[in-house]
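Reader: Hi, I have just opened this one and would like to be walked through it slowly. Could you put it up for both of us?

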Amino acid sequence: MAGKKIIVVFGATGSQGGSVARAILEGKDFSVRALTRDVTKPAALALQDLGAEVVKCDLNDQGSVKEALKGAYGAFLVTNYWDNFSKEKEVQQGKIVADVSKQLGLKHVVFSGLENVKKLTKGKLEVPHFDGKGEIEEYFWNLGVPMTSVRLAPYFENFISFWKPMKASDGDYYSLLLPMNDIPMDGISVADLGPVVTSIFRSPEEFLGKAVGLSAEALTIQQYADILSKTLGKVFKDSKITPEAYEKLGFPGAKEIANMMRFYHMKPDRDVKLTHRLNPRVRSFSQFILENKEAFKNL
């Protein structure tokens with residue numbers, strides 16, 4: 001560890017931070033200071049075994065963040081809107097890290113950002129879990145912190161959880177309820193983020209001050225359904241649900257997800273070619289489903 005530049009990884013026991021921490025440790029160019037709220041949880045201990053320095057940190061406390069970033073070369077930051085369903089709280093956390101990064105003179109922060117949809121659409125669409133990250137991006141850049149934003153496409157993992165196919169009421173098949181109107185939707189496995197971020201830390205001159213849109217591939221919902229059918233041996237179909245009908249599904253966040261899909265209809269910049277250059281082993285949806293077949297066995 002001696003002599004290597006330190007990269008601080010926020011949320012190191014989560015899916016994004018965990019992927020980044022493991023990839024940086026594997027790469028051996030940098031040492032990792034892994035931040036978590038609970039240093040005793042299994043994921044934290046596993047990172048320690050891999051050679052990370054594991055440190056307790058509270059993103060809401062400037063003193064705690066300052067302590068965690070002392071002596072670091074760079075940091076990977078991910079904020080979590082879904083923790084509190086509060087854009088304000090998320091933005092405040094991002095600003096604390098930006099302020100401390102500026103004070104301590106960090107050389108490179110990679111932030112897991114997204115577009116400020118509300119600003120881009122002049123208030124027509126509001127997607128709080130995007131908009132807050134867009135505000136944080138802007139704050140970093142305005143403050144003059146050397147920062148790269150990585151904007152991930154929807155996770156393939158969502159098909160196992162949040163977007164799990166629904167058994168159709170009118171037949172022996174499963175529906176994908178995603179209001180994309182036949183427009184291809186980018187996707188990526190969150191597990192493939194780490195090598196991308198590691199590549200970005202290795203090439204600061206190419207990526208500082210930029211936003212990088214990440215995607216393994218873009219498929220229509222029917223193409224996602226066809227891959228599920230082929231791999232899992234059951235019939236999957238695009239439900240062709242509209243954003244308007246999706247909004248009325250009534251679960252918390254339904255309107256926000258519908259607005260996110262409306263934003264995806266506008267084809268925000270997600271660069272498949274660049275993503276593959278930064279992580280040549282990035283998985284296709286087909287590979288991802290093949291590796292995760294078990295997750296669908298109870299459909």
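Reader: To start, what is the order of the strands in the open sheet, and how do they pair?

Author: The open sheet has seven strands in the order β3-β2-β1-β4-β5-β6-β10, with parallel pairing, where two strands pair if DSSP finds at least two bridges between them. Strands here are DSSP runs of E with at least two residues, and helices are runs of H or I with at least four, both numbered from the N terminus. Before going on, please note that this is a predicted model, in which local features need pLDDT of at least 70 and side-chain atom pairs count only at pLDDT 80 or more, while totals for chains, interfaces and linings use all residues. Residues are numbered from 1 along each chain as its sequence is written, and side-chain values use heavy atoms, with hydrogens and water left out.

Reader: OK, and which strands are at the edges?

Author: The edge strands are β3 (53-56) and β10 (211-214), each of which pairs on one side only.

Reader: Let's look at Val9, then: which strand is it in, and what is its bridge partner in β2?

Author: Val9 lies in strand β1, which covers residues 6-9, and its bridge partner in β2 is Ala34. Strands β1 and β2 (residues 31-36) are joined in the parallel sense over four bridges.

Reader: Is Val9 buried or exposed?

Author: Val9 is buried, because its relative accessible area is 0%; buried means under 20%, exposed over 50%, and partly exposed in between, with a 1.4 Å probe and protein chains only. Beyond residues up to four places away in sequence, Val9 touches several others, including Val20, Ile24, Leu35 and Phe76, a contact being heavy atoms within 4.5 Å.

Reader: Switching to helices, how do α3 and α4 pack?

Author: Helix α3 (residues 62-69) and helix α4 (residues 87-104) pack at an angle of about 45 degrees, with their axes 10 Å apart. Axes are lines fitted to C-alpha atoms, for helices over the stretch in contact, and angles run from 0 to 180 degrees between N-to-C directions.

Reader: And which residues meet there?

Author: From α3, Gln62, Val65, Lys66 and Leu69 take part, and they meet residues of α4, among them Ile96, Val97 and Val100.

Reader: Last one, where does Met260 sit, and what is it in contact with?

Author: Met260 is placed in helix α11, residues 254-265, and is buried, with a relative accessible area of 5%. Leaving aside neighbours within four places in sequence, Met260 is in contact with Val127, His129, Phe130 and Trp163.
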